[in-house]
Amino acid sequence: MAPPLQPLRRITETSGPSRRSLLAGVAALGALGAAGCSRVPTASTTDGGDLLERLRAAGVVRLGIAGEIPFGYIDKDGELTGEAPELAKVIFKRLGVDRVQPVPTEFGSLIPGLNSQQFDVVAAGMYVNPERCEQVIFSDPDYQMLDSFIVRKGNPLGLRDYQDVVEKKAKFATGTGYAEIAYAVEAGYKESDILIVPDQVAGLNAVEAGRVDVFAGTALTTREVVKKSGKAEATEPFKPLVDGKPHVDGGAFAFRPTETKLRDAFNVELAKLKKSGELLRILKPFGFTEDEMTDLTAKELCGG
């Protein structure tokens, strides 16, 4: 997910696989694809759209997911789960839509699929950034995310941020299409020297085997993947630098640009869940903590 590298959770929507590889749900594509990929009715293009009314009438909302743990995936029992789908179930229930239906696809196909009306909303924990804000509209983020490293036990090189990686000439790895590629390059690491692996599990294996000194990922995925490791640990979360300034990413739901009424109604219910503390309860089973709760807005992350 290459040109040009951007400070994103996934680098682009048009080149290559997702920021986190497809860890689950791929096997369900065939079974769910026929039912899930039927097109929704054409949306109104005026007055904020009428999709919410049509979803209430149909009683079901189609969610675009990318089969990624913990964000949105089909579990071993064939059930839709993940932080975004579970949150969607609660919010759409409050909006008068009783059922959610998964439409699994590759991450890079989520925005094109949304805008071609293959599903109604992207529920994949997608990072909000200016590039995507030109293509879709976002709810306010339901979580924020810092970066973290997987290193060998004791962190022998003392690697705490990307500047440390560069200064100590550490062997560095991250995942296919990960935002961390851009962060490392901004710090001065040569892109051609980065070892690209499929996901955080492969990153952990590379660190444990001594093939690299450090693997960079999100704070959530690194701390989860090292839990059973006797050879590696996760560093303290930190903010990467973007244009020389500390940066925090935020993940949210995406809607077609015409559907502002649905997005606004979604935001109202999301704000209530944040205020009551219910949001953390919903996301906690997927590894999210108080540190991932946020008051960031989509407007801020879209660049104003």
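1. A word to start with: two residues are in contact when heavy atoms of theirs lie within 4.5 Å. With that in hand, look at Asn267, a residue of helix H10. Leaving aside residues up to four places away in sequence, Asn267 touches Ser139 and Asp140. Is Asn267 buried or exposed? Its relative accessibility is 16%, and buried means under 20%, so Asn267 counts as buried. Please keep in mind as you read on that this is a predicted model.

2. Now step back to the whole chain. The protein chain has twelve helices and 15 strands. Of its 304 residues, 56% count as buried. Contacts can also be sorted by how far apart the partners sit in sequence. Among contacts between residues at least 6 apart, 73% join residues at least 24 apart.

3. The axes of helix H3 (residues 83-94) and helix H10 (residues 260-276) come within 10 Å and cross at roughly 110°. Angles of 65 to 115 degrees count as roughly perpendicular, and H3 and H10 are therefore roughly perpendicular to each other. The crossing in which H3 passes H10 is right-handed.

4. Which residues meet where H3 and H10 touch? On the H3 side they are Leu87, Val90, Ile91, Phe92 and Arg94. On the H10 side they are Leu262, Phe266, Glu269, Leu270, Lys272 and Leu273. Sorted by class, this contact of H3 with H10 has eight nonpolar residues, three charged ones and no polar ones.

5. Next comes a link between two cysteines. In general, a disulfide is a covalent bond between the sulfur atoms of two cysteines. The count here is one disulfide, formed by Cys133 and Cys302, with their sulfur atoms 1.9 Å apart. The angle about the S-S bond is -70°, and the link of Cys133 and Cys302 is left-handed. Why does this pair tie together parts that are 169 residues apart in sequence? The reason is that Cys133 lies in helix H5 (residues 130-133), while Cys302 lies in the segment after helix H12 (298-301). Cys302 is partly exposed, at a relative accessible area of 26%.

6. Not counting residues up to four places away in sequence, Gly72 touches Ile65, Ala66, Gly67, Thr81, Gly82, Pro85 and Ala123.

7. The peptide bond from Ile69 to Pro70 is cis, and its omega is near 5°.

8. Finally, check two backbone angles. Asn155 has a phi near 45°, a positive value in a residue other than glycine. Lys169, also a residue other than glycine, has a positive phi near 50°. Where do they sit? Asn155 is in the loop between strand E8 (147-152) and helix H6 (162-167), and Lys169 is in the loop between H6 and strand E9 (172-175). As for accessibility, Asn155 is buried, with a relative accessible area of 13%, whereas Lys169 is exposed, with 74%.

Technical notes:
Residues are numbered from 1 along each chain as its sequence is written. This is a predicted model: local features need pLDDT of at least 70, side-chain atom pairs count only at pLDDT 80 or more; totals for chains, interfaces and linings use all residues. Side-chain values use heavy atoms; hydrogens and water are left out. A disulfide is a pair of cysteine sulfur atoms within 2.5 Å. Helices (H or I, at least four residues) and strands (E, at least two) are DSSP runs, numbered from the N terminus. Buried means under 20% relative accessible area, exposed over 50%, partly exposed in between (1.4 Å probe, protein chains only). Axes are lines fitted to C-alpha atoms, for helices over the stretch in contact, and angles run from 0 to 180 degrees between N-to-C directions. Angles under 35 degrees count as roughly parallel, over 145 as roughly antiparallel, 65 to 115 as roughly perpendicular and the rest as oblique. A crossing is left-handed if the near helix is turned anticlockwise from the far one by less than a right angle, and right-handed if clockwise. Ala, Val, Leu, Ile, Met, Phe, Trp, Tyr, Cys and Pro count as nonpolar, Asp, Glu, Lys and Arg as charged, and the others, Gly among them, as polar.
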